[in-house]
Structures are given as structure tokens and as C-alpha cells.
Amino acid sequence: MRAIYLGVALTLLTATITSCGNKSAQDKEKKVVEVTNPLPIKFGDPYILHASDGKYYMYGTSLKDGFEAYVSTDLKNWTSCGQVYRGGAENQWNVDCFWAPEVYEHNGKYYIFYSANSRNNPTKEGENFKIGVAVSSSPAGPFTDLYDRPVFEIDYPVIDANVYFDDASGKTYLYYSRCCYKHPVESEIADLMKKEGVYDEIEESWVYGVEMKPDFSGIIGEPTLLLAPPTKLDDRQAEWESRSVTSKEVNRRWTEGSFLFKHKDTYYIMYSANHYGGAHYAVGYATSKNPLGPFVKAANNPVLQENQSKGGTVIGTGHNMVLTMPDSTMYCVYHGRMTTNPNERVVLIDKLNIAEDGTLTVDGPTTVPQKIAY
């Protein structure tokens, strides 16, 4: 195990440095920690679980053959749990490209949903991603596959699983992104790029939602298309969701990394657009009164994007989740890239706000100290 410490000031009443496996009391008095972005964990697609043992566990895209996790009591001091899931063995359904893990505590166990290339690839596709699920008795693992197959099969590659347990209906929903791979889509953006001789076609990824069986063994019904890039140039979302194309970075428009949560009587789905490897990666959101939509994209999108154009040092902000603290304050946890090392993804956390009229905003990206009550 190795400990990682943020190079920032810490303000709190008492502090506890933890290691994986030791339970802590849940009725602690309120403490405040001062954190500065970026956190020192080199993850893409970060996800933080506040487990019933009172600790925070962070998972993310990290290893070639699975996932590593870190644990903290205060969001400042993090200790490695080591590799909590290992895949790619000959007797497993997955091969490589282990991405975007999310862990849920459910009925006394912990379930990690993730994306990986499937071994079942008779047509030798270049992208053959499917969604799997593994289970453990501890948030620190080890996790073992619940089934020797993906959660469901469909005729296109899928990534970025997000699960929502709906208290209103008792149903479980799975959200995912259809990959851009072999998915050219007609649009005014595509027509413009072809006319200008930039790209012959533009591929797109779309976000879907579907009800999932309670035992995670499959889906119920057909997936519903929830989000896709705009087809019209005069759409208010078209400019920011097409920057990777219009900057001639790549011939793809992404809609991925979705995260669904409910606030009051409204379902919010956050999503990322543009190339995850580029400077234009950014986050928007849409709202609905139902978990499977229809969703309406927000007028104030994007709510999180690079700050380099304003003199800052953060680019490529995306694939977020929402962490709700014990005092009900919400934080947006996401990955970004620093201009000093744009090839490396790092984890950032910034406050997320929802106004009385339902408008969502994120106070970021920041690189100054912020106080978080844990």
C-alpha cells in the first residue's frame, strides 16, 4: 500500500489517516478539509463511493488489466487499495480496455460496473466494447465477475455504464454510451465539414437508458435514445458539442460519460461531449420528469469546460459524477488535464449548485483551495 498526500493546507477538528478494511465510526462530528485541485491521483473517469463504513473510495480508468482503488476518510489523504479488479484472463469474457468503473453499495454487497473489450469478436471489430459487472463483499475488493458474460449484448460497442436505483418506482436503470465506431450520422455539421473538404463523414456516440433486471443479469425492454449531438447548426448546443470536429481535431462527436441523479422532482443527466483526449472535452446536462426521458438539454451548457482561454491551467474537463456529502452539499468529480502535462488525466472536484429554478452550475475548474465538509 502506498499513501498519497495532497500538497495543501488541512483545516479540521480531528483527522484520521485510514487504510483499507478498517471500519470507522459513522456518527463523527462534522469536520472540514481544505482541498486544492488537482488531486494527486492519475485516474480518468473518476468515481467516488461514500460507503457505509464512512470512508470514501475512488475508482477510475487506471490499469491495463483492471482497476485500482484509493480510500480516504477526508478527501485529502488517500491510500491505495491496490488492484481491486483483475480481468483479461483466458477464462474471462473480457480482454482489454478496462474503462470507466462505477461502484454501488446494494443489498449489503458492492457491485462494480465497467466497460471492456469482449473476447467474443467473430467479425474482428476494432472496437468491441461491452459492459460487465463484478461483485465483492468489500468496497476495497477483490471484485469477481458476477456473470461470465457482459450484462447484455447489442450490435454496437457500448461503454460508460451508470446505474440508477429509482426510489419512486423501485426499478433499476442502466445508462450507457453507444460508441462512435462505425456510426456515421447525417447532420448539418457533417455536411459543412464535407463541403469544406475536412471530413467525408462524422461518427457520433449517443447516450441510451434502459431498465435493468434487479439481479443485473440483463435488460428489460429496448434501450431508449436519450441524448445525441445536435443535427442543426442553429441549435444552441451545436457549437460546444462540435468543437472537436470544427477544430479539426477528429471526425467524431461524442455524447458519453453520463451520470443520472434526482433533485426534488427532476431527473438530471450530466454528459460529456468532444474528444476525451483533447482540450475541448466539456460537460453539459439535461433534465426530465422521468428516468427514461424525454430529456431537454440545458440552455446554460456547457457547465464545465477548460479555463485555459481565461488564463487558467485546466483543459479537457469531463466524464463526471456527482458526490453528495453528509451535509447535502453536492460536488462534481471529474477528470481533466493540466496545461503543464496535457497527456495525463488527473482528478478534480468542484462544488455543484442547483438554483431554485432548477438551473445547475459547477464552480470550476478551480485550482485554489476550497473547504469541504465531510
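The points below concern peptide bonds and backbone angles.

1. Basis of the note. This is a predicted model, in which local features need pLDDT of at least 70, side-chain atom pairs count only at pLDDT 80 or more, and totals for chains, interfaces and linings use all residues. Residues are numbered from 1 along each chain as its sequence is written, and side-chain values use heavy atoms, with hydrogens and water left out.

2. Background. Most peptide bonds are trans, and most residues other than glycine have a negative phi.

3. Asn-37 and Pro-38. These residues are joined by a cis peptide bond, with omega at about -5°. Pro-38 sits in the loop that runs between strand 2 (32-35) and strand 3 (44-50); strands are DSSP runs (E, at least two residues), numbered from the N terminus.

4. Gly-364 and Pro-365. A cis peptide bond, with omega about 5°, links Gly-364 to Pro-365. Pro-365 belongs to the loop between strand 24 (360-362) and strand 25 (370-373).

5. Leu-75. Phi is positive in Leu-75, near 70°, although the residue is other than glycine. Leu-75 lies in the loop between strand 5 (66-72) and strand 6 (77-86). Leu-75 is buried, because its relative accessible area is 3%; buried means under 20% relative accessible area (1.4 Å probe, protein chains only).

6. His-319. His-319 is placed within strand 21 (residues 314-324). With a relative accessibility of 4%, His-319 counts as buried.

How values were computed:
Helices (H or I, at least four residues) and strands (E, at least two) are DSSP runs, numbered from the N terminus. Buried means under 20% relative accessible area, exposed over 50%, partly exposed in between (1.4 Å probe, protein chains only).
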